[in-house]
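I opened this model to look up its pocket, its strands and its core. My entries follow in the order I made them.

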Amino acid sequence: MASVAPKMSWFKITLIRSGIGMTERQNGVLKALGLRHRMKTVYHPVSPDTAGMIMKVKELLAVSEVDKPLTQAEIHAKRQPPKGYYIEKQGIAREDIRGS
């Protein structure tokens with residue numbers, strides 16, 4: 001029988017608040033997670049070690065669990081607006097203004 005490998009989950013971790021004013025130990029945890037700047041997003045596999053590091057600085061982070069990590073290029077492409085333009089709302093017709 002062929003065994004199916006379990007699907008690996010990842011933590012998507014984003015630094016929301018700055019580490020300024022935090023203890024040296026907490027800043028070390030941020031550095032170990034790879035978070036240096038605000039709004040930086042990193043992906044780490046779900047493990048008790050990573051969960052423990054997240055809990056040490058949980059007030060500074062936004063964390064979610066995802067199925068696969070995205071590359072920096074994929075994150076950048078996801079944030080780009082669609083090319084071209086579209087009309088959000090039609091204007092008022094001239095007849096409506098005159099009250100005909």
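**Pocket.** I started with the lining of the largest pocket, where α3 gives the most, with five residues. A pocket here is an open set of points on a 1 Å grid over the protein atoms alone, where a 1.4 Å probe fits, with protein on both sides within 12 Å along at least five of seven lines. Lining residues have an atom within 4 Å of a point. Helices (H or I, at least four residues) and strands (E, at least two) are DSSP runs, numbered from the N terminus.

Before going on, I noted the ground rules. This is a predicted model: local features need pLDDT of at least 70, side-chain atom pairs count only at pLDDT 80 or more, and totals for chains, interfaces and linings use all residues. Residues are numbered from 1 along each chain as its sequence is written, and side-chain values use heavy atoms, with hydrogens and water left out.

I read a volume of about 260 Å³ for the largest pocket. That volume is the space filled by probe spheres set on the grid points, which are joined across faces, edges and corners. The lining consists of K12, T14, M39, K40, T41, Y43, L70, Q72, I75, H76, K78 and R79. At least two lining residues come from each of β1 (10-15), β2 (41-45) and α3 (72-79). I sorted the lining by class and got four nonpolar, four polar and four charged residues. Ala, Val, Leu, Ile, Met, Phe, Trp, Tyr, Cys and Pro count as nonpolar; Asp, Glu, Lys and Arg as charged; the others, Gly among them, as polar.

**Chain.** I counted four helices and three strands in the protein chain. Their order along the sequence is β-α-β-α-β-α-α.

**Strands.** Which strands pair with β1 in the antiparallel sense? I found β2, over five bridges, and β3 (residues 61-66), over six bridges. Pairing requires that DSSP finds at least two bridges between two strands. T14 has T41 in β2 as its bridge partner. K12 has S64 in β3 as its bridge partner. Five of the six residues of β1 are buried, so the strand is largely enclosed by the rest of the structure.

**Core.** I listed the largest nonpolar core next. Its twelve residues are F11, I13, L15, V29, L30, L33, L35, V42, I54, V57, L60 and L61. β1 and α1 (24-33) are the elements that give two or more residues to this core. The rule takes buried Ala, Val, Leu, Ile, Met, Phe, Trp, Tyr and Cys residues joined through side-chain atoms within 4.5 Å. In soluble globular proteins, nonpolar side chains tend to be buried together.

**Single residues.** Is L60 buried or exposed? It is buried, because its relative accessibility is 1%. L60 sits in the loop between α2 (48-56) and β3. Beyond four places in sequence, L60 is in contact (heavy atoms within 4.5 Å) with T14, L15, I16, R17, S18, G19, M22 and L30.

Then I turned to α1, which holds Q26. Q26 is buried, with a relative accessible area of 18%. Leaving aside neighbours within four places, Q26 is in contact with K56, V57 and E59. On the same terms, V29 touches M53, K56 and V57.

Conventions: Buried < 20%, exposed > 50% of the residue type's maximum accessible area, 1.4 Å probe, protein only.
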